[in-house]
Structure formats: C-alpha cells, structure tokens
Amino acid sequence: MAHPSQLGFQDAASPLMEELLHFHDHALMILFLISSFVLYIIVVMISTSLTNKYVLDSQEIEIIWTVLPAVILILIALPSLRILYLMDEINDPHLTIKAVGHQWYWSYEYTDYEDLGFDSYMIPTNDLAPGQFRLLEADHRMVVPVESPVRVLISADDVLHSWAVPSLGVKMDAVPGRLNQTAFITSRPGVFYGQCSEICGANHSFMPIVVEAVPLEHFENWSSLMLEDA
C-alpha cells in the first residue's frame with residue numbers, strides 16, 4: 001500500500017498492474033528525452049548569436065521534425081493499445097463477485113455460491129486494532145484466491161461510485177441501473193486497499209475497499225465457514 005512521502009506507484013500485485021508500471025516508465029523516459037532536447041535547443045538559442053542560413057530554410061530538417069514526432073506517437077500508442085485490450089480481456093474466470101456500491105458502504109455477492117454475500121463497512125477509528133489503517137480497514141474483506149482469474153461485476157444502488165484498488169490496477173465506475181465488469185489476477189498473497197474513487201456524497205471518504213488474496217485452500221475454508229454462518 002501507499003506510504004507517506006511516496007513518489008511512485010504502489011507495488012504491483014497483479015500482472016496487469018505490472019504492465020501499467022512498465023508502460024508508465026516507457027512513456028516517462030520518452031517525455032524526459034523530449035524535455036531534455038527542447039531545453040537544450042532553448043539554451044542554445046539564447047546563448048549564441050550565430051545563425052546558420054541552411055538551418056533557416058532546409059527541407060531535410062522539416063522532414064525530420066515532421067516524421068520524428070509521428071514515430072514517437074507510434075512508440076507510445078502501440079503499447080498503450082495493447083494494455084487497453086488486456087484490461088478488457090476476461091477469459092474463463094474462476095470466480096465471479098458482484099460488488100454493489102451504497103451510500104456509504106460496499107456489498108459483495110459471490111455469485112458462484114448459493115448464499116454467500118455480505119456488507120462491508122469501514123471500521124471506525126475508535127474500533128481499530130493495533131496495526132490497522134485508519135479510513136482503509138473494513139469489517140468484512142473481499143477474499144479471493146491467489147493466481148486465479150476473478151471477474152468483478154460492479155453496480156450501484158443509489159448514486160455513482162467507483163470500485164478502485166490501485167495495486168491491482170483496477171478501477172471501474174459503479175453506475176445505478178448498469179452492470180460494469182472488470183477482472184484481475186492477484187500474483188501474490190496479501191491485503192490490498194482501495195477506496196471509492198467517485199465523489200458520492202458526504203461520506204465518500206469513508207467507504208474503503210479491502211481485497212485479501214489467500215491460497216486456494218484457505219479460500220475454500222473461508223467460504224465454507226461463511227456459508228455455515230449464513
């Protein structure tokens with residue numbers, strides 16, 4: 001998760017987020033090279049009074065500064081389009097979970113089970129246990145198995161919400177009357193935090209998302225206990 005004074009992204013916990021981080025570094029390096037080149041040109045123009053008449057009217061230079069930006073845009077667009085297609089790709093999910101946003105909590109339904117669902121509320125600050133995070137902990141976590149494709153169906157009951165977990169590279173709007181879907185694969189066990197990312201009212205800041213990734217055996221034990229309690 002994020003920590004104070006952090007400059008970069010959170011550590012990736014899914015293959016898709018790793019791809020997004022690689023693309024960010026790729027685009028940032030291109031941006032750094034362009035900025036350095038433009039700064040160099042500005043410094044040269046300011047610091048020298050010499051002028052080359054062949055530079056003022058040169059077909060070759062005009063061709064270069066027309067073709068080069070097009071090549072740079074292609075170098076950015078191709079990996080970007082690839083990741084966009086990967087984000088929309090949902091192949092044979094092992095588990096489907098329906099997440100519904102309310103003012104101001106989330107409810108989860110495990111649609112592959114007959115009666116497995118619960119509401120997830122933020123734990124008040126006064127009730128936090130040592131080591132828990134303020135405004136990020138929920139009384140019920142969304143538990144998923146590690147290294148298994150998980151599809152999340154997202155909707156809302158009242159106003160616009162947004163289901164977002166940065167370390168998984170997932171962000172999808174929850175719209176009343178509409179069912180959106182996204183998917184992710186957790187690459188390692190852990191607890192991953194997110195929050196509603198659409199301003200949804202007075203308590204918008206108080207509806208956290210907590211995803212806990214566990215080995216498949218532990219997930220089966222957890223689902224059995226939840227079904228017994230239900």
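User: How many salt bridges does the structure hold?

Analyst: The structure, a predicted model, holds three salt bridges.

User: What makes E19 and R82 a salt bridge?

Analyst: The closest N and O atoms of E19 and R82 are 2.9 Å apart. The cut-off is 4 Å between a side-chain nitrogen of Lys or Arg and a carboxyl oxygen of Asp or Glu, so the pair counts as a salt bridge. E19 sits in helix α1 (residues 15-47) and R82 in helix α3 (residues 59-88), and the two are 63 residues apart.

User: Why are E19 and R82 called partly exposed?

Analyst: E19 has a relative accessible area of 25%, and R82 has 46%. Partly exposed covers the range between the buried limit, under 20%, and the exposed limit, over 50%. Both values fall in that range, so both residues are classed as partly exposed.

User: How do you know that R141 pairs with E137 and with E212?

Analyst: The N to O distance between the side chains of R141 and E137 is 3.5 Å. For R141 and E212 the closest N and O atoms are also 3.5 Å apart. Each distance is within 4 Å, so each pair is a salt bridge.

User: What makes E137, R141 and E212 one network?

Analyst: Salt bridges that share partners join these residues; R141 is bridged to E137 and to E212.

User: Why does the pair of R141 and E212 tie together separate parts of the sequence?

Analyst: R141 is in the loop between β3 (117-120) and β4 (142-145), whereas E212 belongs to strand β10 (residues 208-214), so the pair connects parts that are 71 residues apart in sequence.

User: Why is S223 called buried?

Analyst: Its relative accessibility is 4%, under the 20% limit, so S223 counts as buried. S223 lies in helix α4 (residues 216-229) and touches Y113 and L116, leaving aside residues up to four places away in sequence.

Terms used. Residues are numbered from 1 along each chain as its sequence is written. This is a predicted model: local features need pLDDT of at least 70, side-chain atom pairs count only at pLDDT 80 or more; totals for chains, interfaces and linings use all residues. Side-chain values use heavy atoms; hydrogens and water are left out. Helices (H or I, at least four residues) and strands (E, at least two) are DSSP runs, numbered from the N terminus. Buried means under 20% relative accessible area, exposed over 50%, partly exposed in between (1.4 Å probe, protein chains only). Contact means heavy atoms within 4.5 Å.
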